[in-house]
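I opened a new page for this protein today. My plan is to look things up one at a time and write down what I find.

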Amino acid sequence: MYSNPIDGELQIRVIKDFNFQEVAPDFWFSESGQSTTIFIDPAGQETVIRIQTMRFSNVRINEHMPSSCFNIEPPTGTTVCTMNEYHF
């Protein structure tokens, strides 16, 4: 859980909760998780604005995958950005 003040008054809190499973000897991987984002106003009122749930299945370790698995062809007209173009 972490909180981050915005403009000195409004705060955002994100709570992340993960469940792990051992998928190979001594190798643990997230089986499922939930992220809850909460706004806290100056009076301390909390409002949940987003809940994201994820679940992973059929996890395989060190299995050969052809390089074609890592190629994407975005539809015509799609804007493609790299992660370093965003500032969090």
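**Entry 1: a hairpin.** I started with β3 and β4, which form a hairpin with five residues between them. I checked the turn and found Gly-44 there, with a positive phi of about 95 degrees. I note for myself that this is a predicted model.

I then looked up how β3 and β4 are paired. They run antiparallel, and nine bridges join β3 to β4. Strand β4 covers residues 46-55. I picked out two positions along the pair. Ile-40 stands opposite Glu-46 of β4. Ser-35 has Gln-52 in β4 as its bridge partner.

Entry 2: Next I turned to β2 and β3. These strands are antiparallel too, with 13 bridges between them. Strand β2 takes in residues 10-24, and β3 takes in residues 27-40. I found two residues between the strands of this hairpin. Asp-26 has a positive phi here, near 60 degrees. I also looked up Glu-22, and its bridge partner in β3 is Trp-28.

**Entry 3: the whole chain.** I stepped back to list the elements. How many helices and strands does the protein have? I counted zero helices and four strands. Read from the N terminus, the order is β-β-β-β.

The protein has 88 residues, and 12% of them are buried. Its accessible surface is about 7,800 Å². Carbon and sulfur atoms account for 52% of that surface. I also took the contacts between residues at least 6 apart in sequence, and 26% of these join residues at least 24 apart.

Entry 4: Is Ile-38 buried or exposed? Its relative accessible area is 7%, so I put it down as buried, the cut-off being under 20%. Beyond its neighbours up to four places away in sequence, Ile-38 touches Gln-11, Ile-12, Arg-13, Ile-15, Glu-46, Thr-47 and Val-48. I also checked Ile-38 against Ile-51. The two are 13 residues apart in sequence, and their C-alpha atoms are 9.0 Å apart in space.

I left aside neighbours within four places in sequence and listed its contacts. They are Arg-13, Val-14, Ile-15, Val-48, Arg-50 and Ile-51.

**Entry 5: salt bridges.** I searched the whole structure and found two salt bridges. One of them joins the side chains of Glu-46 and Arg-13, at 2.9 Å from N to O. This pair links distant parts of the chain, with Glu-46 in strand β4 and Arg-13 in strand β2, 33 residues apart. I looked up the accessibility of both partners. Arg-13 is buried at 18%, whereas Glu-46 is partly exposed at 41%.

I also looked at Arg-60 and Glu-63. They form a salt bridge, and their closest N and O atoms are 2.7 Å apart. Glu-63 is partly exposed, with 42% relative accessibility.

**Entry 6: a surface patch.** I then went over the surface. Which residues make the nonpolar patch of about 350 Å²? I found Phe-18, Phe-20 and Trp-28. Phe-20 belongs to strand β2. Trp-28 was already in my notes, as the bridge partner of Glu-22.

**Entry 7: cysteines.** Last, I looked for disulfides. A disulfide is a covalent bond between the sulfur atoms of two cysteines. I found zero disulfides in the structure. Cys-69 is partly exposed, with a relative accessible area of 45%. Cys-81 is also partly exposed, at 35% relative accessibility.

**Recap.** Two antiparallel pairings are on it, β2 with β3 and β3 with β4. A salt bridge ties Glu-46 to Arg-13. Ile-38 is buried, and its contacts include both Arg-13 and Glu-46.

Conventions. Residues numbered from 1 in each chain as written. Predicted model: local features only at pLDDT ≥ 70, side-chain atom pairs only at ≥ 80, totals over all residues. Heavy atoms only, no water. Disulfide = S-S within 2.5 Å. Buried < 20%, exposed > 50% of the residue type's maximum accessible area, 1.4 Å probe, protein only. Contact = heavy atoms within 4.5 Å. Areas by Shrake-Rupley, 256 points an atom, 1.4 Å probe, with all protein chains shown as cover. Patch = residues over 30% accessible without salt bridge, like charges linked within 9 Å, V, L, I, M, F, W, Y side chains within 5 Å. Salt bridge = Lys/Arg side-chain N within 4 Å of Asp/Glu carboxyl O. Pairing = 2+ DSSP bridges.
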